Amino acid sequence: MISRSLSHTAFHLPSKNLFINNRSPSLNQTIRMAKSLVDETTASGAYNRPPSIFRNFVSRDPTSQFPAESERYHLYVSYACPWASRCLAYLKLKGLDKAISFTSVKPIWEKTKAGDEHTGWIFPVSSAEEPGAEPDPLNGAKSIRALYEIASSNYSGRFTVPVLWDKKQKTIVSNESSDILRMFNSEFNDIAENPALDLYPKPLQAQIDEVNEWVYDGINNGVYKCGFAIKQGPYNEAVTKLYQTLDKCEEILSKQRYLCGNTVTEADIRLFVTLIRFDEVYVVHFKCNKKLIREYPNLFNYTKDIFQLSGISSTVNMEHIKRHYYGSHPFINPSGVIPIGPGTDYSTPHDRDRFSS
Ligand SMILES: N[C@@H](CCC(=O)N[C@@H](CS)C(=O)NCC(=O)O)C(=O)O
């Protein structure tokens, strides 16, 4: 079931090394509680995202361990999470949201278990509790952590979303969004309402892979490296790379509609989920304030372009996004106060159809 076992110890930092001397004991206590993030911060003060553990694949081959079947799989997400949201975007774009059900957790992390200090994703007790979030319809789980504990008795990684769940075998197929995108793109085409849409077409695969790599490093994960750095050096390095990479995207998008040409691909969906969170959250919360996305004419119009693709706006719940980031990282924002702006409307006209698509 767990196809790849990876130790997280390389990322673990004894808490005494982590805390900056001028932080108050109570703040230190708060930091210790959010152990999933602390465990990813290295002794150099830089943030390191550990790899996912469940790496199985749904296949169109009916004899495989996880064959593509309608109503067999369930996607657990948080609307707040960019990695989960890109999977949700694929469900909508491919017309898979009837064949694959999904549930979002509550936006703000809470204690997941009496008896230890872990905080994480929690399901509401009723649909009325938190608009957008629903109780777990399959296992009645209280938390995402509880799902991992059903799937594996000796799991020692983080309890992350997205989770692609197999209802039949009652287990996690995958908790790696980049793999889930590939499955949704190609393996469910017999049941997808939009099977012809190929976001990873053969002729563009090498280019998409290459773009994904530097977009992930500089931007998707780059904003986290800025926000979770606890020393000036790693922050400076991450923020410099972030803006170099945004400038590179701006330049590409001044010449063509999308990152890999004039048709939308996986690379665009992967970039979009970070761009849509940028001005509302990352500018303030993750200290990415050198320039806003709305100050880049091409990136800004491009963000609107992707937002206006059929189904995408329903995957963007800005309420959940803002409440999660500003409310779940007390070591960054101890008060939990949510900044008011900027409240950009991404549904207004854009200029991207100046490129043929
Ligand atoms: N590699 C994973 C990363 C997922 C991830 O980091 N999810 C975050 C939310 S944005 C999470 O669930 N964090 C919970 C935790 O760290 O405890 C993927 O892309 O699927």
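This is a predicted model: local features need pLDDT of at least 70, side-chain atom pairs count only at pLDDT 80 or more; totals for chains, interfaces and linings use all residues.
Residues are numbered from 1 along each chain as its sequence is written, and side-chain values use heavy atoms, with hydrogens and water left out.

**Around the ligand**

- The ligand is surrounded by 17 residues, and the closest are Arg49, Cys81, Trp121, Glu176 and Ser177; a residue is counted here if one of its heavy atoms lies within 4 Å of the ligand.
- This shell consists of 9 nonpolar, 5 polar and 3 charged residues, where Ala, Val, Leu, Ile, Met, Phe, Trp, Tyr, Cys and Pro count as nonpolar, Asp, Glu, Lys and Arg as charged, and the others, Gly among them, as polar.
- A polar side-chain atom of tryptophan 121 lies 2.7 Å from an oxygen atom of the ligand, and an N or O atom in the side chain of arginine 158 is 3.0 Å from an oxygen atom of the ligand.
- For valine 161 it is a polar backbone atom that lies 2.9 Å from an oxygen atom of the ligand.
- Taken alone, the ligand exposes 520 Å², of which the protein buries 95%; such accessible areas come from the Shrake-Rupley method with a 1.4 Å probe.

**Two helices side by side**

- Two packed helices are described by the angle between their axes and the distance between the axes.
- The axes of α4 (residues 82-93) and α6 (residues 177-186) come within 9 Å and cross at roughly 5°, the axes being lines fitted to C-alpha atoms over the stretch in contact, with angles running from 0 to 180 degrees between N-to-C directions.
- The two helices α4 and α6 are therefore roughly parallel to each other, a description used for angles under 35 degrees.
- In contact (heavy atoms within 4.5 Å), residues of α4 including Trp83 and Tyr90 meet residues of α6 including Ser177 and Phe184.

**Backbone details**

- Valine 161 and proline 162 are joined by a cis peptide bond with omega of about 5°, and proline 162 is in the loop between α5 (144-151) and β5 (163-166).
- Another cis peptide bond joins glycine 341 and proline 342, with omega of about -5°, and proline 342 is in the segment after α12 (318-328).
- Glutamate 71 has a positive phi of about 65°, although it is not a glycine.

Terms used:
A polar contact is a pair of N or O atoms within 3.5 Å; within protein, one must be able to donate a hydrogen and the other to accept it, and residues adjacent in sequence count only if both atoms are side-chain atoms. Helices (H or I, at least four residues) and strands (E, at least two) are DSSP runs, numbered from the N terminus. Angles under 35 degrees count as roughly parallel, over 145 as roughly antiparallel, 65 to 115 as roughly perpendicular and the rest as oblique.
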